[in-house]
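Work through the two exercises below with the sequence and the structure at hand. Try each task before reading its solution.

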Amino acid sequence: MSYRQFSRRSFLRFSSLAVASVLASTSCRQQAVEDRGNSSVSQPLRLGFNLWAGFMPWQVAKKKNIFQSNGLNAELVWFPVLSDQLTAFNSGKVDVAGMTMGDFLTAIVNGVKAKVISVTDISLGADAILVAPTVNSIQELAGKKASVEIGTVGHLLFLKALEQAKIPENKVEIVNQAADAAVSALIAGKTEIAYSYEPFVSQAVTSGKGKIIFSSKDVPGLVPDLLVIREDAIARQPEAIAKLLKVWYSTLEYRRANINEVLPIEAKQAGISVQEYQNLLKGFKWLTSQEAIASLQPGETTQSMFNTAQVAAKFMLEQKLLTQEPPPFAQLIDDRALKQYSSTSST
């Protein structure tokens, strides 16, 4: 199965910056090898992330020694190629990963033993359905063609837009097209409807050729990022979850107090300018520990990960992205450390 399907869209385009990120992650791995060769240093908790804006604070944690100040021996590896990150996690080469609900459910169905320990961020406008200026309502989508990459987060978002407008799926013809190509088609006047994500959404709006008619703001929680840890890592380092969560929320607190200092660090790791990075930050939200706890409770809306997991699984089964139904979401989370942290902190 291709991990390109129903996976996190990345704003990093193929460039020399991606090569630099590979070199950085290689250096990080080499240091971990040297550390493991020293019997006085315990095996580090291995963290692997792809280059999505929501994960960039981990680089701040590394640069500002927040791992060390919280007593966590960690190895941080960045993966410019999403499938490389997922393969590394699924094969046990990294212990912790940030991933979408779809990627997590795929891993679980394929036999990976892992738990969700928090929800780090949710898309709030970074994913959107764009239309030509002549289209004024979702109801006007009926009878038209839409440029949407089939089997992706954008496909699911588009179906949610139709559902809220009570438009039957068969009333809109989907043309399978990648997000960047879809925006190009919209700007060129070759399509009236397109799904895309930042920075392409802003490009379409700025051009005057596209406007947002529905976005992840309308279904908050439908596109989340989960913080996931392998069960064998929990067994090996049972104290690691509490330390890891403290690092994460301490880092978010640090960046709030030192925003001008951390933005260049995060933008550099992302491989884009500070201005481009700041624009991306408008499209999603990092959750506080209290908000993360609330999202991991049963609920009837997409703000509950129980509901989002159910919606995602149904969609993925229909699209044949999953070979079988995943276990109930309640069996896939371990929020004990998150609750403990939240009870002693205001972040």
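Predicted model: local features only at pLDDT ≥ 70, side-chain atom pairs only at ≥ 80, totals over all residues.

Residues are numbered from 1 along each chain as its sequence is written, and side-chain values use heavy atoms, with hydrogens and water left out.

**Exercise 1.** Classify the angle between helix 10 and helix 15.

Step 1. Locate helix 10 at residues 240-257 and helix 15 at residues 336-343; helices are DSSP runs of H or I with at least four residues.

Step 2. Their axes (lines fitted to C-alpha atoms over the stretch in contact) come within 9 Å and cross at roughly 50 degrees.

Step 3. Helix 10 is therefore oblique to helix 15. Angles under 35 degrees count as roughly parallel, over 145 as roughly antiparallel, 65 to 115 as roughly perpendicular and the rest as oblique.

**Exercise 2.** Find the partner of D335 in a salt bridge, and state whether D335 is buried or exposed.

Step 1. A salt bridge needs a side-chain nitrogen of Lys or Arg within 4 Å of a carboxyl oxygen of Asp or Glu.

Step 2. D335 pairs with K339, at 3.6 Å from N to O.

Step 3. D335 has 11% relative accessibility, so D335 counts as buried, whereas K339, at 40%, counts as partly exposed. The cut-offs are under 20% relative accessible area for buried, over 50% for exposed, and in between for partly exposed (1.4 Å probe, protein chains only).

Technical notes. Axes fitted to C-alpha atoms, helices over the stretch in contact; angles between N-to-C directions. Helix = DSSP H or I, 4+ residues; strand = E, 2+ residues; numbered from the N terminus.
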